[in-house]
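Look at the sequence and the model below. This report walks through the helices, their packing and a few single residues.

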Amino acid sequence: MTIRARLKPLLLAGAGLAACALPAPAAADTLRDALNGAYRTNPILQSARAQQRATDETVPLEKSAGRPNATGSVQYVEFVKQSSDSQFAPSRSLGASIDLGVPIYSGGAVKNSIKAAETRVEAGQADLRGTESSIFTQAVAAYMDVIRGEALVQLSANQVDVLTVNSQATSDRFEIGDLTRTDVAQSQARLAIAQGDLRSAQANLISAREDYIRVTGMAPDDLQPPPPLPGLPASAAEAVATALDNNPDLIAARERADASRYDIDVAGAGRLPKVSVFTGSDYSNYLGSLDGPAPGVSVSQSGLGVQAGVQVSIPIFQGGRPAALQRQAQARSAAAQENVIAAERDVIAQVRSAYSSWQAANQIIDSTQVAIEAAALSLEGVRAESTVGNRTILDILDAEQELVAARAQLVTARRNAYVAGFSLLAAMGKAEARDLGLDDDGPLYDPQINYDRVKNKWWDWERDPDPVVQSTRTVDIPAPGADIPVNDDSTPGSGVY
């Protein structure tokens, strides 16, 4: 089963999975909604598609150099003052001409220019895949950042509530002489720190929500837990092997290297002969202003001429220009081929790094869950021992802080694991719209359709409608706050993912 087939039902079931983790209100957003918003409204992706359509036009541009061309001209002349030795000069004339040329042979320049343009179109389509994958990765990261931010705000707010109760209880016990002023000061200090942490978490949540709006074009509305990521590799070697075949950046670099080889032949064609056939017609009319050689003798006032022939142009010496152009093309081809190796290195490093981050985050999740259980048990024991005087208020505060820190680490680790997993799929070339099953929500953008539409166009006066903006503005989306969805789970942060 393909990755797309496995991921599609999971994305479709995203809301159902979320309902198992959190009590979902009537309006809620899933990861599928976020990806759809980014795919259909993100201005960076829309701009990349427009740039690719511009690249498509290089093919008909190069083809035009090998097609017939026709030029017509009309000229009207008034002879204001004639030469003194002109006896039969007209006072005015009207002329018209039309010329048609058909290139027959250009040394291979046109043929190789077309091949280079076609190859660069394929490179551009791979670049568009890469941009799409990058936007999806940003959308996933923004989505997970909002979920993480909400969980951390919830944890911080819960800690403030707990420390507020502790501080009040400490003050009450101080009033009856059960505790010292030092105990009160310690409780107040921890409460103040927790209140500062809450403000920081709220600011980070607002920033995450703003980033989500920027990427997806819509406000986050009770984001639901994402579905599991399918198709993740069993080893780094498997991931690298897949990426070397499918990574769009690497494919684009290879296509550009291929195109650069055609450029060498194009430059070398400047030394070869060029052959073309031509025909033309000239018409002139003196509009009755041409006098005859003697009174009463008429002369023809108009004339028509037609020419046809073959033209052969053979370069003899051009000051070394063709050789310089070809050496330049060879150097650029060498650079393009080196860029393939550089892109391959980047892909390998990116895949291995993402795989390592994904594995590490998963291990951190496992160890942090153990730490949370141990910290919760420790806090319970410290509180029990405090009642018999074996533990101080500071011991309780430290135990509570350890539990909060462990829960916050678990939230962050879950976020990092998911983002690293998706980044790994993206580096492998397996995180694009069709892989994610977004075609169920409407037709996907296919750059091949526009290329097929324009590649063989001939007519000079054909044009497309004026462009209109496809992406959505976010100026009307209200500034997000730091409020979080209501979560009835008794353990803060436990139901976030």
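Start with helix H8, which spans residues 236–246. Its buried residues are Ala239, Val240, Thr242 and Ala243. These four lie on the same side of H8 because they cover an arc of only 165 degrees around the axis. The arc is taken from the directions that run from the helix axis to the C-beta atoms. Buried means under 20% relative accessible area, exposed means over 50%, and partly exposed lies in between (1.4 Å probe, protein chains only). Ala237 and Asp245 are exposed, on the face of H8 turned away from its buried side. What do the buried residues of H8 pack against? They pack against helix H9 (248–268), helix H10 (321–387) and helix H11 (393–427). Contact here means heavy atoms within 4.5 Å.

The model is predicted: local features need pLDDT of at least 70, side-chain atom pairs count only at pLDDT 80 or more, and totals for chains, interfaces and linings use all residues. Residues are numbered from 1 along each chain as its sequence is written, and side-chain values use heavy atoms, with hydrogens and water left out.

Helix H12 (residues 447–454) has the buried residues Pro447, Asn450, Tyr451 and Val454. Seen down the axis, they fall within an arc of 100 degrees, so they line one face of H12. The buried residues of H12 pack against H4, helix H5 (58–64) and helix H6 (109–175).

**The whole chain**

The chain has 12 helices and 4 strands. Helices (H or I, at least four residues) and strands (E, at least two) are DSSP runs, numbered from the N terminus. The chain holds 497 residues, and 40% of them are buried. Take the contacts in the chain with a separation of 6 or more: residues 24 or more positions apart account for 85% of these.

**Helix pairs**

Two packed helices are described by the angle between their axes and the distance between the axes. Axes are lines fitted to C-alpha atoms, for helices over the stretch in contact, and angles run from 0 to 180 degrees between N-to-C directions.

| Pair | Angle | Axis distance |
|---|---|---|
| H7 and H11 | about 15 degrees | 9 Å |
| H3 and H4 | about 40 degrees | 6 Å |
| H9 and H10 | about 170 degrees | 8 Å |

Angles under 35 degrees count as roughly parallel, over 145 as roughly antiparallel, 65 to 115 as roughly perpendicular, and the rest as oblique.

Helix H7 (residues 181–216) packs with H11 at about 15 degrees. That makes H7 roughly parallel to H11. Their crossing is right-handed, the term for a near helix turned clockwise from the far one by less than a right angle. From H7, the contact takes in Asp183, Gln186, Ser187 and Arg190. From H11, it takes in Ile393, Leu394, Leu397, Asp398 and Gln401. By class, the contact of H7 with H11 has 3 nonpolar, 3 polar and 3 charged residues. Ala, Val, Leu, Ile, Met, Phe, Trp, Tyr, Cys and Pro count as nonpolar; Asp, Glu, Lys and Arg count as charged; the others, Gly among them, count as polar.

Helix H3 (residues 31–41) and helix H4 (residues 43–56) pack at about 40 degrees. That makes H3 oblique to H4. Ala38, Tyr39, Arg40 and Thr41 of H3 meet Pro43, Leu45, Gln46 and Arg49 of H4. This contact has 4 nonpolar, 2 polar and 2 charged residues.

H9 and H10 pack at about 170 degrees. That makes H9 roughly antiparallel to H10. Their contact has 12 nonpolar, 7 polar and 6 charged residues.

**Single residues**

Asp222 is in the loop between H7 and H8. Is Asp222 buried or exposed? Asp222 is buried, with a relative accessible area of 11%. Its phi is near 50 degrees, a positive value in a residue other than glycine.

Pro273 is in the loop between H9 and strand S3 (274–285). At 30% relative accessibility, Pro273 is partly exposed. Which residues does Pro273 touch, not counting residues up to four places away in sequence? They are Tyr105, Ser106, Gly107, Ser313, Ile314 and Pro315. Pro273 and Gly107 are 166 residues apart in sequence and 6.3 Å apart in space, C-alpha to C-alpha.

Ala334 is in helix H10. Ala334 is partly exposed, at 37% relative accessible area. Its C-alpha atom is separated by 8.5 Å from that of Ser260, 74 residues apart along the chain.
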